[in-house]
Amino acid sequence: MTTLNNTLQPITERGWQSGFKNLLANEYTLWWGGRRWIKSALIWLAVINGFIFLIAFASTHDPSMTPENVVSTAIGVFVNIGVFATSIGIVVGSQGAIIREKQLGTAAWVLSKPASRTAFIFAKWLAYSVSSLIISLTFPAIVFLIQSQLFWKQIPAPGQFVESWLIMALNLQFYLALTLMLGTIFSARGPVAGIGISFLFAGSLLPLVLPEWITLLFPWMLQKLAETIALGKPLPEGWVIPVIATVVWILIFMGIALWRFGREEF
Amino acid sequence: MNPTEEYVIDTQGLSKTYKGVNALQPLNLKVRRHSICGFLGPNGAGKSTTIKLLLGLSRPTAGTATIFGEDILTHSTDIRRRVGYLAQDPRYYDHMTARETLRFTARFFYAGPAKLIEDRIEQTLELVGLSDKADRSIKGFSGGERQRLGIAQAQINYPDLLILDEPAASLDPIGRRDVLEVMERLRKHTTIFYSTHILEDVQRVSDTVAILNHGRLIAQAPIEELISGNDGILYSLAMKGDGTSAQKKITEQSWVNSVKVASTNGTSTLQVKVTDERIAEAELLRLVLTDPQTVVTEFGRKKHNLEEIFLEIISGDKSNDNAK
């Protein structure tokens, strides 16, 4: 033990894990180390839960609405706003994750140390994934349950609500993986954010013109699916296809990101 | 010692082409263990490209290279565990302080104990003279302070090889002197491979020099050999008055190839090219002084200034290019 305490112990991580813990710790410090997370959390609460306040306020002026109706409306609004806003949020928030480091030269600096390129990408992905899920989806979901109990003395069925949350989380992961992949391909933020947001908006138009089977292969149906699950309605036929397809897309995007970043020249 | 152990850096035909442009033509470079190798060349010669290839920040178009006998492509991470690197324009995370930057760097190499890591950080900050600014955000650091931090982070892991890309470029004369002193202090423990434009610094601290021009290695030699020139064994002798009779006397010697005389302000300077250094060393001065009227003011083996050599080599290379 004396030896252990008196000499610097070399890192034992090898292969793709080289530098991973250090890079991840750095990313988490960026997310949670200062007051940034508080600001982000307040913005997400204002965006998502603010609408629930508006519904609660409106329902007090409409005697025709029963508490059940209002809760259903609130759940629908929570899910739809949640999916849409977090998709935009993650694209905007992570558009510079890779590009900023490429442009500033910090990526080259970090990669001149014993850190693998895979660790660099995974650390970004994990930190952005966990942190954005907590800040933009978990906090608002908890506050939504509190609002629901306070305003209407009832909360959504927990199982359905959690399943719906998982679908929302999957959607968020899709846009995160897409943005990280684009960040490894492009060297400016414009195309990264542009493609990500365009893809999101395409989800409102393309399903109207494309055959249904094609639409099912993209995550556009996840918003509707999350709402259906949260409201306890019967699931549409083939509902599992967009879920599996989205998982596959995420894996493809991350694979491309790793491949492309592995070939990046600094 | 086998060749792998003798050379820390060993490249064989290492080359890089960017969009059809040869940034680095097949490079065969060897850097001996515990040497300080100055890597010289004009802007765009391919110095930074070479360094990036060695560190795995860029992929070679062709050729191979080893560092510590390990392949730069297949063992890049292992190599980087034993290397310290300072980039030409070092960039760090602006939200960090100098201490945090060093802690972040150290954590790539050491898992603990935390106390020893902190001690090492303190020691490194002291070495580069940043102890009083250790807890300041690096956002407000001057170019010189960033460079010092760069040197600190490059050697936090006690590297066996230190690669420095223009370490003194953005420093004032005092900063430059400090950097050279740090390099001289570190030479006992490590091999230093550094690129620079400042020839005076190279002459001061390096023991070997490699010169790159247009992506091609045009000279590599110990600095002593280089500054002795490639014009044979040449002695320089300065004397008061006319040097013609001395020239005549020297020219008659069998071990003398040629003698050139130049006179300015009552002083004659003789450039004597000889075939045998030992005889010249023993006889030349004595021969001139046989004339009691002769007053010799300077005598010695002619050494060139590195700047002269560098310019000569670069311009020679340019002429060759033009001839092609």
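Two strands pair if DSSP finds at least two bridges between them. Helices (H or I, at least four residues) and strands (E, at least two) are themselves DSSP runs, numbered from the N terminus. In this predicted model, local features need pLDDT of at least 70 and side-chain atom pairs count only at pLDDT 80 or more, while totals for chains, interfaces and linings use all residues. Residues are numbered from 1 along each chain as its sequence is written, and chains are lettered from A and ligands numbered from 1 in the order in which they are written.

**Between the chains**

Strand 1 of chain A and strand 8 (residues 110-112) of chain B run antiparallel and are joined by two bridges. A:Q9 has B:G112 as its bridge partner in strand 8 of chain B.

In total, 23 residues of chain A are in contact with 27 residues of chain B; contact means that the C-beta atoms of two residues, placed from the backbone, lie within 7 Å. On the side of chain A that touches chain B, two or more residues each come from strand 1 (9-10), helix 2 (20-32) and helix 6 (106-111) of chain A. Helix 6 of chain A gives the largest share, four residues. By class, this side of chain A has ten nonpolar, eleven polar and two charged residues. Ala, Val, Leu, Ile, Met, Phe, Trp, Tyr, Cys and Pro count as nonpolar, Asp, Glu, Lys and Arg as charged, and the others, Gly among them, as polar.

Axes are lines fitted to C-alpha atoms, for helices over the stretch in contact, and angles run from 0 to 180 degrees between N-to-C directions.

| Helices of chain A | Angle | Axis distance |
|---|---|---|
| Helix 8 and helix 9 (residues 189-209) | about 150 degrees | 9 Å |
| Helix 8 and helix 11 (residues 222-231) | roughly 170 degrees | within 8 Å |

Helix 8 of chain A is therefore roughly antiparallel to helix 9 of chain A, a term for angles over 145 degrees. Helix 8 of chain A and helix 11 of chain A are also roughly antiparallel to each other.

Residues of helix 8 of chain A that meet helix 9 of chain A include A:Y175 and A:L182, and those on the helix 9 side include A:I195 and A:F199. This contact has seven nonpolar, three polar and no charged residues.

The contact with helix 11 of chain A involves, among others, A:F161 and A:E163 of helix 8 and A:L222 and A:I229 of helix 11. By class, nine nonpolar, three polar and one charged residues take part.

Technical notes. Angles under 35 degrees count as roughly parallel, over 145 as roughly antiparallel, 65 to 115 as roughly perpendicular and the rest as oblique.
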